[in-house]
Amino acid sequence: MTKSELILRLAEQNPHLYQRDIERIVSTIFDEISGALARGDRVELRGFGAFSVKERAARQGRNPRTGESVSVPEKHIPFFKSGKQLRERVNRRQP
Amino acid sequence: MARSTVTRAQLSEAIYQEVGLSREESANLVASVLDHISDRLSDGEAVKISSFGSFSIREKAQRVGRNPKTGEEVPILPRRVVVFRASHVLKDRINQVLSSRLGERTGT
């Protein structure tokens, strides 16, 4: 499912809303999550999961092709941990 | 670093502010979005949200685990886990803001 398919599904379920508003709702949700992560905040959506940002320290890396050593600066990596309900849900329907 | 946590309530509030739906309907829509994603994932389908990231399912094979307390061997059954891959847009956004803070942090 893509973002536009998600919007279509929500539009079907909410015929009283303009599609334009549904698009804004979906964008708002993901923008808020992104914005929170960019501030270094955690996002905890009970039953679904939690997004957080992990720090990767600066390190001395190596160009695998040339063997030349390069310094890799500190990085921040977004991370998702699924919530208990979602974990149970994906395991309930086994193929 | 005192960090705050964003929850469903803040997402609903943002929809209430941005789109002007009632607080109750905003909360229901947040739940709806998360439910649709969970549903697709339970069916083993990947979910791609452009400029945010993608969620997919990874099948884990059975392996032998160990109870860390007793040292006893226990089989870990095959299971499915949800994997999230952030898009480059999101990764860049996070690194741009946080690395601009680096200067401030080394100053303290």
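Predicted model: local features only at pLDDT ≥ 70, side-chain atom pairs only at ≥ 80, totals over all residues.

Biologist: Ok, how many residues of chain A are in contact with chain B?
Modeller: There are 51 residues of chain A in contact with 53 residues of chain B, where contact means heavy atoms within 4.5 Å. The area buried between chain A and chain B is about 4900 Å², and carbon and sulfur atoms give 63% of it; buried area is the accessible area (1.4 Å probe) that two parts lose on being put together, summed over both.

Biologist: And which residues does I94(B) touch?
Modeller: Leaving aside residues up to four places away in sequence, I94(B) touches L37(A), A38(A), V53(A), H76(A) and P78(A). I94(B) lies in helix α3 (residues 88-107) of chain B, helices (H or I, at least four residues) and strands (E, at least two) being DSSP runs numbered from the N terminus.

Biologist: Is I94(B) buried or exposed?
Modeller: I94(B) is buried, with a relative accessible area of 0%; buried means under 20% relative accessible area, exposed over 50%, and partly exposed in between (1.4 Å probe, protein chains only).

Biologist: Which residues are buried in helix α1 of chain A?
Modeller: In that helix, residues 3-13, the buried ones are K3(A), L6(A), I7(A) and L10(A). Seen down the axis of α1(A), they fall within an arc of 100°, so they line one face of the helix; the arc is that of the directions from the helix axis to the C-beta atoms.

Biologist: What do they pack against?
Modeller: The buried residues of α1(A) pack against α2 (19-38) of chain A, together with α2 (23-42) and β2 (47-49) of chain B.

Biologist: New topic: what is the strand order in the sheet of chain B?
Modeller: The order is β2-β3-β6 in an open sheet of three strands with antiparallel pairing, and two strands pair if DSSP finds at least two bridges between them. In chain B, β2 and β6 (79-86) stand at the edges, each with a single partner strand, so one side of each is left without a neighbour in the sheet.

Biologist: How many bridges join β3 to β6 there?
Modeller: Eight bridges join β3(B), residues 53-60, to β6(B), and I57(B) has V82(B) as its bridge partner in β6(B). E59(B) stands opposite R80(B) in β6(B).

Biologist: What do the side chains of E59(B) and R80(B) do?
Modeller: The side chains of E59(B) and R80(B) meet in a salt bridge at 3.6 Å, N to O, a salt bridge being a side-chain nitrogen of Lys or Arg within 4 Å of a carboxyl oxygen of Asp or Glu. E59(B) lies in strand β3 and R80(B) in strand β6 of chain B, so the pair ties together parts that are 21 residues apart in sequence. E59(B) counts as exposed at 52% relative accessibility, whereas R80(B) is buried at 6%.

Biologist: How many salt bridges are there between chain A and chain B?
Modeller: The count between the two chains is two, and D35(B) forms a salt bridge with R89(A), with the closest N and O atoms 3.7 Å apart.

Terms used. Residues numbered from 1 in each chain as written. Chains lettered and ligands numbered in written order. Heavy atoms only, no water.
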